[in-house]
Amino acid sequence: LPACGRIPLPGRACALTTGAMQDDEEEQVDVVDGEGAAAGEKKKKKRNKKKKAQQDGEAGDEAGDGEGEAAADKPVNGGGAGGDAAAADEDGDEDAGEEGGDPAKKKKKKKKKSGGGGGGGGGGKTFSLPAQDNSVFRLIADWKAVEKSRQSPDMNVPVGEQYPEEDFPLGQVEEYVKDNAYRTTSAEKRELERLYSYDYEKIRRAAECHRQVRRYAQSYIRPGLTMTELCQRLERKTHELISANGLECGWGFPTGCSLNWVAAHWTPNYGDNTVLKHDDVCKLDFGVQVGGRIVDCAFTIAFDEKYDEIIKASKDGTNTGIRNAGIDARFSEIGASIQEAIESYEIELNGKTLPIKPVRNLNGHSIGPYQIHAGKSVPIVKNSESTVMEEGELYAIETFASCGKGYVVEDLECSHYMKIFDAPNIPLRVKSSKVLLHAIEQNFGTLAFCRRWLDDVGQTRHLMALRNLVENDLVQPYPPLCDQRGSYVTQMEHTILLRPTCKEVISRGDDF
C-alpha cells in the first residue's frame with residue numbers, strides 16, 4: 001500500500017464489479033477506518049453506505065470513537081453518544097437507514113421516539129404537593145393536597161413539561177340544558193369538537209398555568225408587601241410556568257391590583273411605593289395567553305371579615321352569570337340574573353348598613369385571538385340587549401359589586417395601554433414614536449401592556465412618544481376606573497368556553 005494508506009478507486013466502476021471485488025473494497029474501507037484517514041473515508045463510505053446499512057454494525061463499533069465521520073453509523077448500532085449531535089446525525093443519515101433494510105429502520109425510529117418523549121423532568125416525575133391553607137384571606141378556599149402532582153412543591157416545573165402529551169386538565173364541565181340538551185350526545189357536535197381540540201389545548205394550558213400561579217401568589221401575598229413586588233413576583237412566575245416565548249405564549253395583559261374604590265385597570269408604575277394594608281380590598285386580575293388564546297380570571301383579596309358580604313356578592317354574581325351563560329343565551333337575561341344576585345346582599349360598615357350594587361358600566365366580554373375585548377359585552381345589569389352567545393365563543397364572565405355609587409369614571413395616573421387591534425398604518429413624524437411603536441409591536445402585538453413593561457424592554461424614556469401614539473389613534477389608554485372615594489368594590493371573574501357539546505369553565509380551581 002502507499003504510505004498514506006489509501007487505494008484509489010474508479011469513480012463509478014464499483015457499482016459494476018463482481019462480488020469478489022466488492023468484498024475487497026469493503027475490506028479496504030475497514031483498513032481506512034482503523035487508521036483514521038477521515039478525508040478518504042468520507043468518499044468511500046458514501047459509495048458503500050447502502051451495503052454498510054445492511055450489515056450488523058460491527059464495522060461501525062470497530063471504528064475509532066474519536067473519528068468525526070464514523071459517527072454516522074452509530075445511530076444504527078444504538079450508540080450512546082446522546083445530545084443534539086446524535087439527533088442531528090440521525091436526521092442526516094435517515095435516507096441511508098431507510099434504504100438499508102427494516103432492522104436499521106426500526107432501531108432508528110425507536111431511538112427518535114425515546115429522545116422526543118424526554119421533554120423535561122415534569123412529564124414522568126411526580127411529587128407530593130401538600131395542601132395550602134388560605135385562611136388568611138376572606139372567602140378564598142384552600143388548595144387541596146395532591147399525592148401524585150406533576151408540579152413540585154417549589155412550583156418550578158413549567159406546565160408544558162408537566163404535560164408533554166398536551167393532555168392538559170379540563171376545567172369545570174357543565175352540560176347544556178333545555179333546547180341545547182341534545183348537544184351532549186350529538187355525534188356531529190362531538191366530531192366538531194374534535195376538530196377544535198388543537199385550540200382547546202392552548203386554552204387549557206393557559207388555564208392550568210393561571211391556576212398554579214394563583215396558588216403561588218396566594219402563598220406570599222400578605223399585608224406589608226409593596227404592590228410592585230406583588231406584581232413582579234407573579235409576572236415572573238407566569239413567565240416561568242408558561243415557558244414564555246415572545247408573542248407565542250406569555251402574559252395576557254398587565255397584572256391588575258386595584259385597591260378599594262378603584263375597580264379595575266390599576267397597576268403600579270415604577271416609583272409607586274404603595275403598600276398592601278390589612279384594611280385594603282384588592283382585586284387581583286391577571287391573564288395568561290398561549291397562541292393568542294387568553295385566559296382572563298380575577299378574584300378579590302381581603303383580610304378583614306367585615307368585607308365578607310360584598311365579596312360574596314361578586315362571587316354569587318359571577319357564578320350566576322356562568323350558570324345562565326350558554327349557546328343562544330341572551331345578554332339581557334344574563335345581566336338581569338346577575339343584578340338580582342348582587343343586589344340581594346348588603347354590608348355594614350362603620351355602623352351603617354349599605355346596599356350593594358353591581359357596577360352598571362362595567363361588563364364581561366368576549367375574547368378573541370390576541371384580542372382581550374373581542375366585540376361583545378356581557379352586562380351585569382338588566383338591559384334591552386338582544387345579542388346572544390354563540391357556539392365556539394370564549395367569554396370572560398366578570399362582575400363587580402360596590403357599596404358606593406355603582407358607577408365608575410376614569411381617574412388617577414394611567415398605567416394600562418393597548419395597541420388598537422385594527423389601527424390603520426399611519427405615518428409618524430417623530431422618531432421616538434416610531435421606535436416605541438416598533439417595540440410595542442415586537443413585544444406585545446395587540447395585547448395590553450403597562451408602562452413598567454415598556455421600561456423592562458428598554459423603552460425607559462417613553463412617556464412623550466406614548467402620548468404621541470395615543471394622539472395618532474394607534475394606542476388606546478385604559479386609565480384606572482374608580483367609584484366613589486371611600487367606597488369598596490369587589491370583583492370575581494372566570495373564563496368560559498362554549499364548546500359544541502358542553503360549557504367549560506376553563507379557569508375554575510380549588511380556590512374559587
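The chain has 17 helices and 20 strands, taken as DSSP runs (H or I of at least four residues for helices, E of at least two for strands) and numbered from the N terminus. This is a predicted model, where local features need pLDDT of at least 70, side-chain atom pairs count only at pLDDT 80 or more, and totals for chains, interfaces and linings use all residues. Residues are numbered from 1 along each chain as its sequence is written, and side-chain values use heavy atoms, with hydrogens and water left out.

**The chain overall**

- Of the 512 residues in the chain, 49% are buried; that label means under 20% relative accessible area, with exposed set at over 50% and partly exposed in between (1.4 Å probe, protein chains only).
- Take the contacts (heavy atoms within 4.5 Å) between residues at least 6 apart in sequence: 74% of them join residues at least 24 apart.
- The chain's accessible surface comes to about 24900 Å², and carbon and sulfur atoms hold 48% of that. Accessible areas come from the Shrake-Rupley method with a 1.4 Å probe, and for residues only the protein chains shown count as cover.

**Aromatic rings**

- There are eleven aromatic pairs in the structure, counting rings of Phe, Tyr and Trp (its six-membered ring) with centres within 6.5 Å; planes under 30 degrees apart are stacked, over 60 edge-to-face, and the rest tilted.
- One of them is Trp251 with Trp453, a stacked pair at 4.1 Å centre to centre and 20° between the planes.
- That pair ties together distant parts of the chain, with Trp251 in strand 4 (residues 249-259) and Trp453 in helix 16 (residues 451-456), 202 residues apart.
- Trp453 counts as buried because its relative accessibility is 1%.
- Both Trp residues also belong to one aromatic cluster, along with Tyr417, Phe444 and Phe449.

**Charges over rings**

- Arg233 puts its charged end over the ring of Tyr220, 4.0 Å from the centre. The test here is NZ of Lys or CZ of Arg within 6 Å of the ring centre and within 35 degrees of the ring normal.
- Lys237 has its charged end over the ring of Tyr216, 4.8 Å from the centre.

**Positive phi values**

- Most residues other than glycine have a negative phi, so here are two to look at.
- Met155 has a positive phi near 55° and is in the loop between strand 2 (146-149) and helix 9 (159-162). Met155 is buried, at 6% relative accessibility.
- Asp473 also has a positive phi, about 60°, and lies in the loop between helix 17 (463-471) and strand 17 (475-478). Asp473 is exposed, with a relative accessible area of 51%.
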